[in-house]
Amino acid sequence: MPDARPVADGFLALDADAATATLASRWLPAAHRAASPPTVRLTLAAPGPLPPATDSPPTLSLGGIAAWLPGAGAPVTLAGRHAGGALATDARSATLVTGGDDDEGYSLLTLAAALALAAHGRLLLHAAALVDPLGRGWLLAADARHGKTTTALNLARAGWTLVSDDQVVLMAGDAAPHALAWRRYAHVDEGWGDGRITGHRVAADASTLGVALGDGCGVHGMLLPRIEADAPTALTEASGADALAALIRQAPWVLASPAWAPALLALATAAARAPAWHLRLGRDTYADPPRLAALVSAASPPTAPRAGPPPG
């Protein structure tokens, strides 16, 4: 899997050897095409020497992989029990090795990519993104199993354009921050297509679900979903502070480095200025995508970002 591009504009590339191709395909099921050379390249290889152990506490960790960011001019070290590697000082390359734990390898790739993007002023977000029928871009930010993927796919079935259901890369835009697609397998309830709730999640390729797909969008509105199955689906306005907190919660690396934090915080703050709503998801819209879309559209529509100081 040479030169696979997870970000829609080809900014980052992944090279994997034959021994790690299965893990790489699980992490990156749908690569974008790009003619220009990537700015960042990750290289994933079969088991090799891991970084030496250190007694100092890590800067942050994700899924069993710890990261040490010692400061400007020094490489970032990543290490777990069976996987690890290093991000070059200029954050333009990372050499990664993984052993027998695919979950560690998956986290290693995600954390390395997130830190490399952060060093270049881009923010990897655990969030969905869509474009509504009026051409306005929306972010959906929430913890895992809070209804983010189901909401995104149901809105897409109701005529919205799906950019990504689980992860996006946020970058500066002309009038508003821009969210770029980072497509992975959508993990949905096995009965989602028939409107049934089975409690068993399966992986689905978004390109096979019969919905429109887009590569990116400006951020003009935000939804913060949470599941309350026995309550009716409803929207209530969210504050800028709520929106900003939701974004930072879905990007734990935003404050990892004093050198990167100001730019990343400014990017998240700009996105949080967009009008935002808490979306309470009940069973009443699970099998009724048009009803869900109508409820969202009936909310005060996103028109312009909030003005003034950081959201509060």
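How many of the ten residues of helix α3 are buried? Here are some notes to read alongside the model.

1. First, the ground rules. This is a predicted model, where local features need pLDDT of at least 70, side-chain atom pairs count only at pLDDT 80 or more, and totals for chains, interfaces and linings use all residues. Residues are numbered from 1 along each chain as its sequence is written, and side-chain values use heavy atoms, with hydrogens and water left out.

2. Back to the opening question: eight of the ten residues of α3 are buried, so the helix is mostly covered. Buried here means under 20% relative accessible area, while exposed means over 50% and partly exposed lies in between (1.4 Å probe, protein chains only). The buried ones are Lys148, Thr149, Thr151, Ala152, Leu153, Asn154, Leu155 and Ala156. As for the naming, helices (H or I, at least four residues) and strands (E, at least two) are DSSP runs, numbered from the N terminus.

3. Leaving out residues up to four places away in sequence, threonine 149 touches Asp165, Ala186, His187 and Val188; contact means heavy atoms within 4.5 Å.

4. Now for a helix pair. The axes of α3 (residues 148-157) and α6 (residues 289-298) come within 8 Å and cross at roughly 95°. The two helices are therefore roughly perpendicular to each other; angles of 65 to 115 degrees get that label, under 35 counts as roughly parallel, over 145 as roughly antiparallel, and the rest as oblique. On the α3 side the contact uses Thr151, Asn154, Leu155 and Arg157, and on the α6 side Pro289, Leu292, Ala293 and Val296.

5. Look at the ends of α3 too. After the helix comes glycine 159, with a positive phi near 115°. In the loop between β10 and α3 you'll find arginine 145, and its phi is also positive, near 65°, although this residue is not a glycine. Arginine 145 is exposed, with a relative accessible area of 61%. Alanine 144 sits in that loop between β10 and α3, and at 54% relative accessibility it counts as exposed.

6. Another positive phi belongs to alanine 91, at about 55°, and this residue is not a glycine. Alanine 91 is in the loop between β6 (83-87) and β7 (93-98). With 4% relative accessibility, it counts as buried.

7. On to the rings. There are three aromatic pairs, where rings of Phe, Tyr and Trp (its six-membered ring) pair if their centres lie within 6.5 Å; planes under 30 degrees apart count as stacked, over 60 as edge-to-face and the rest as tilted. Tryptophan 27 and tryptophan 182 make an edge-to-face pair, 5.5 Å centre to centre with 85° between the planes. Tryptophan 27 lies in α1 (residues 21-27) and tryptophan 182 in β13 (residues 178-182), so the pair ties together parts 155 residues apart in sequence.

8. Tryptophan 138 and tryptophan 277 form a tilted pair, with 5.8 Å between centres and 35° between planes. Tryptophan 138 is in β10 (residues 137-141) and tryptophan 277 in β19 (residues 276-281), 139 residues apart. Trp138, Trp160 and Trp277 form one aromatic cluster.

Definitions and conventions
Axes fitted to C-alpha atoms, helices over the stretch in contact; angles between N-to-C directions.
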